[in-house]
Amino acid sequence: MADLSAFFNARALTSDGPIAYRVFGPDGGPDGSGLFPKTSRFIDLLVGAEGGAFAYQKTFGARESFTVRNLAISLDSSRTKIVDDEGLIVEEIATHHGDCPPVAYRISYKGVVVVFSGDMDASALPNLVQLAKSADLLVFNCAVLDPPDSPSQLYDLHTPPRKIGQAARDSGVRKLLLSHLAPDVEGQKDTVRKSIRASFAGAVAFATDRLRLPVLHSL
């Protein structure tokens, strides 16, 4: 999210024609009462003509237009297909991350399926398991150790390794990539891997800068 304005800028400078963006992201709560703006409001705060931080963006380098869709954030929301375009299918489902409205995404293309959990606590695992069924790769944010080795309040925001392993097993994914790693997680990779291995027998890797991961081959 923090890189979005830079992405728009770089894309405009390398385009040879108009750009039509489709932006998807979480709603901001009922009646706009949430602590976080809904995605359409966030885009307006970035590039809106009236008061946007980067109001010049829509005519900078290329003519740009933005179609924004706010996605449901209630845990009882159904799994939804948001893109079906020339073989590319993107589906989403709401998860849970305290007061911050999160969404998980499933991307399918040419027979390969990759799922991104985003930040989420364990209360949303049923939704994530449903979305990730039989995926080739599940990218799961891993920001805490198993209880009680991380601050207790963080378990209301993040899923610990043992439950990540259980979710990977229950969804039947082939491979698991741990991302969004906290320093204590990076310092105890063997412990984290062992905890996940208690349930999940597939390949497990830890994300690093510039990592390239062949989805159809072993990690």
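Predicted model: local features only at pLDDT ≥ 70, side-chain atom pairs only at ≥ 80, totals over all residues.
This report walks through the packing, charge pairs, aromatic pairs and strand pairing of the structure above.

Residues are numbered from 1 along each chain as its sequence is written, and side-chain values use heavy atoms, with hydrogens and water left out.

## Nonpolar cores

Let's start inside. A nonpolar core here is a set of buried Ala, Val, Leu, Ile, Met, Phe, Trp, Tyr and Cys residues joined through side-chain atoms within 4.5 Å. Buried means under 20% relative accessible area, exposed means over 50%, and partly exposed is in between, with a 1.4 Å probe and protein chains only. The largest core has 30 residues, and F140, L176 and L178 have the most contacts inside it. Helices (H or I, at least four residues) and strands (E, at least two) are DSSP runs, numbered from the N terminus. The elements that each give two or more residues to this core are β6 (112–116), α3 (125–131), β7 (137–141), α4 (161–171), β8 (175–179), α6 (189–197) and β9 (203–206). Of these, α3 provides the largest share, four residues. A second, separate core has eleven residues, including I43, L46, V47 and F66.

Which residues of helix α1 (residues 4–13) are buried? They are S5, F8, N9 and A12. As background, an α-helix has 3.6 residues a turn, so residues three or four places apart point the same way. The buried residues of α1 pack against β1 (19–26), α2 (39–47) and β2, where contact means heavy atoms within 4.5 Å.

## Salt bridges

The structure holds seven salt bridges, each being a side-chain nitrogen of Lys or Arg within 4 Å of a carboxyl oxygen of Asp or Glu. Three of them are set out here.

| Salt bridge | N to O distance |
|---|---|
| E91 and R79 | 3.1 Å |
| E91 and R106 | 3.7 Å |
| D170 and R169 | 2.9 Å |

In the D170 and R169 pair, D170 is partly exposed at 39% relative accessibility, and R169 is partly exposed with a relative accessible area of 42%. Elsewhere, salt bridges that share partners join R79, E91 and R106 into one network.

E91 counts as buried at 14% relative accessibility, whereas R79 is partly exposed at 30%. For the bridge of E91 with R106, the pair links distant parts of the chain, with E91 in β4 and R106 in strand β5 (residues 103–109), 15 residues apart. R106 counts as buried, at 10% relative accessibility.

## Strand pairing

Strands β4 and β5 pair in the antiparallel sense over six bridges, where two strands pair if DSSP finds at least two bridges between them. A94 stands opposite V103 in β5. Five bridges join β5 to β6, and these strands also run antiparallel. Y109 has V112 in β6 as its bridge partner. The hairpin of β5 and β6 has two residues between the strands, and in it K110 takes a positive phi near 50°.

## Aromatic pairs

Finally, the rings. A search of the whole structure finds seven aromatic pairs. Rings of Phe, Tyr and Trp (its six-membered ring) pair if their centres lie within 6.5 Å; planes under 30 degrees apart count as stacked, over 60 as edge-to-face and the rest as tilted. Y56 and F60 form an edge-to-face pair, 5.4 Å centre to centre with 80° between the planes. Y56 is partly exposed, with a relative accessible area of 42%, and F60 is partly exposed at 31%. F7, F8, Y21 and F66 form one aromatic cluster.
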